[in-house]
Amino acid sequence: QAPSYAMKFSFFSSATALSALIATVSVVKGDDVLQIHGSGTTNPSKCIWLIMQDFMERTKLPTKFTYRGVGSSTGQYEFMGTNHTGDFAYVPWNYFGSGDIPFSQENYELLNSNGDEFYQMPFVMGAISVFHNIPGVPGGAGGLKLTPCVLAKIFRTQIQYWDDPEIVLLNDHIASTLKEKRLPIKVARRVLGSSSTATFTQYLHESTQMDCPDAWPTATSSGENLVGKVIDWADTTLPCQGSGGVTDCIRDNEGAIGYIDAGHGRDEGLTEIELRNLAGIYQSSREAAEAGVAAAAGDTLPSRADGDFSGVQLLNQPGEVTWPMVAMSYFYVRKDLSYIDDPAERSLLLEFLGAFYDP
């Protein structure tokens with residue numbers, strides 16, 4: 001997942017924003033260890049850690065970089081500093097935040113109205129996908145085909161066995177394997193606030209409205225929430241902590257199915273489904289590849305990195321090769337970095353962030 005397919009937008013706008021920040025910061029050398037601490041989404045964490053390690057190895061001054069993959073919600077929460085009061089109101093807990101979701105319009109306006117203007121800088125786009133553990137069922141074109149409606153019914157535990165007629169109807173080529181094993185379905189899902197959950201559940205809602213609107217409403221008649229970073233899952237689902245936890249839940253449970261960052265799932269050797277997109281094409285995120293992810297962005301992105309990204313729409317977009325579940329990862333960084341006491345650390349932060357936009 002490299003930022004090379006950034007398109008016409010704002011990867012350039014992000015780099016311009018960084019240039020403006022760098023111009024306001026002077027470098028001060030000293031003997032103390034320079035520290036940069038970030039927190040947020042787990043999805044691009046390996047990329048972030050790699051570049052941090054590179055900086056620590058190459059920087060002549062002693063440096064310490066840390067990034068905690070705690071989820072997008074926590075990354076935004078700590079960036080806002082929402083538990084601080086008085087003189088420390090809205091002072092970030094981290095040097096930078098990161099998330100796979102933009103700030104809501106409410107929180108964007110809250111920070112700006114408080115004088116805490118900030119940039120949301122996209123640095124990578126990636127696919128969220130669904131992986132399973134059905135022994136004998138391969139990935140790729142000969143793998144498990146699912147429509148949004150069937151997928152929604154699986155994750156609401158309305159379909160509970162892999163030989164369910166609705167699944168078999170879509171999968172003549174593996175019907176004998178599904179019927180022979182008759183495995184119960186085990187739904188693996190994230191706990192706590194997760195941008196992957198927000199992306200996945202919003203996709204299930206939007207993609208089912210035409211053919212099966214009751215399959216995944218925003219909320220049930222009994223008040224259970226079904227769309228968002230945290231939702232009300234059925235008690236029989238498997239709660240899993242972080243991307244690594246979902247991987248383990250899928251790998252360790254025969255018949256399991258779960259949603260995860262596509263690159264992470266493939267790197268871990270999990271088996272991906274073939275999902276029908278808006279054009280009616282069944283494909284995996286690997287088959288959709290870079291073009292299928294980039295096609296989702298369309299014209300929804302603001303022209304400036306300090307703009308309101310809350311209306312960005314990357315789900316269930318048209319196009320034969322388009323992958324229907326795409327997330328954009330953002331860095332969150334304040335325009336005024338004076339809350340970081342050491343000017344050298346301010347400069348180092350901006351140099352670090354700038355590394356993500358170098359050609």
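**Exercise 1. The second largest pocket**

Determine which of the 25 residues lining the second largest pocket lie nearest its centre, and describe the lining by class.

*Solution.* Step 1: the residues nearest the centre of the second largest pocket are Asp 100, Ile 101, Pro 102, Ala 198 and Val 312. The model is a predicted one, in which local features need pLDDT of at least 70 and side-chain atom pairs count only at pLDDT 80 or more, while totals for chains, interfaces and linings use all residues. Residues are numbered from 1 along each chain as its sequence is written, and side-chain values use heavy atoms, with hydrogens and water left out.

Step 1: a pocket is an open set of points on a 1 Å grid over the protein atoms alone, where a 1.4 Å probe fits and protein lies on both sides within 12 Å along at least five of seven lines; lining residues have an atom within 4 Å of a point. The second largest pocket holds about 510 Å³ of space, a volume being the space filled by probe spheres set on the points, which are joined across faces, edges and corners.

Step 2: at least two lining residues come from each of helix H3 (72-80), helix H8 (195-208) and strand E12 (326-334). Helices (H or I, at least four residues) and strands (E, at least two) are DSSP runs numbered from the N terminus.

Step 3: the lining divides into 14 nonpolar, eight polar and three charged residues. Here Ala, Val, Leu, Ile, Met, Phe, Trp, Tyr, Cys and Pro count as nonpolar, Asp, Glu, Lys and Arg as charged, and the others, Gly among them, as polar.

**Exercise 2. The surroundings of Lys 229**

Locate Lys 229 in the chain, classify its accessibility and list its contacts beyond four places in sequence.

*Solution.* Step 1: Lys 229 sits in the loop between H8 and strand E7 (238-240).

Step 1: its relative accessible area of 32% makes Lys 229 partly exposed. The classes are buried (under 20% relative accessible area), exposed (over 50%) and partly exposed (in between), with a 1.4 Å probe and protein chains only.

Step 2: with neighbours within four places set aside, Lys 229 touches Ser 73, Gln 76, Ile 101, Leu 192, Gly 193, Ser 194, Thr 197 and Ala 198, where contact means heavy atoms within 4.5 Å.

Step 3: Ala 141, by comparison, is 88 residues from Lys 229 in sequence and 31 Å away in space, C-alpha to C-alpha.

**Exercise 3. Salt bridges**

State how many salt bridges there are, and examine those of Arg 334, Arg 251 and Asp 306.

*Solution.* Step 1: the count is eleven salt bridges, each a side-chain nitrogen of Lys or Arg within 4 Å of a carboxyl oxygen of Asp or Glu.

Step 1: Arg 334 pairs with Asp 116, with 3.6 Å between the closest N and O atoms. The partners belong to distant parts of the chain, 218 residues apart: Arg 334 in strand E12 and Asp 116 in the loop between helix H4 (105-113) and strand E4 (118-132). Arg 334 is buried at 3% relative accessibility, and Asp 116 is buried at 17%.

Step 2: Arg 251 and Glu 268 form a salt bridge at 3.1 Å, N to O. Arg 251 is partly exposed at 37%, and Glu 268 is partly exposed at 31%.

Step 3: Asp 306 meets Lys 335, their closest N and O atoms 2.9 Å apart. Asp 306 is buried at 14%, whereas Lys 335 is partly exposed at 27%. Salt bridges with shared partners join Glu 117, Arg 304, Asp 306 and Lys 335 into one network.

**Exercise 4. Disulfides**

Give the number of disulfides, their pattern along the chain and the handedness of the links of Cys 149 with Cys 212 and Cys 240 with Cys 249.

*Solution.* Step 1: there are two disulfides, defined as pairs of cysteine sulfur atoms within 2.5 Å. With bonded cysteines counted along the chain, the pattern is 1-2, 3-4.

Step 1: the sulfur atoms of Cys 149 and Cys 212 are 1.9 Å apart. This link is left-handed, with -100° about the S-S bond. It connects distant parts of the chain, 63 residues apart: Cys 149 in helix H5 (residues 148-155) and Cys 212 in the loop between H8 and E7. Cys 149 is buried at 12%, and Cys 212 is buried at 12%.

Step 2: the sulfur atoms of Cys 240 and Cys 249 are 2.2 Å apart. The torsion about their S-S bond is about -120°, so this disulfide is left-handed. Cys 240 is buried at 2%, and Cys 249 is buried at 13%.
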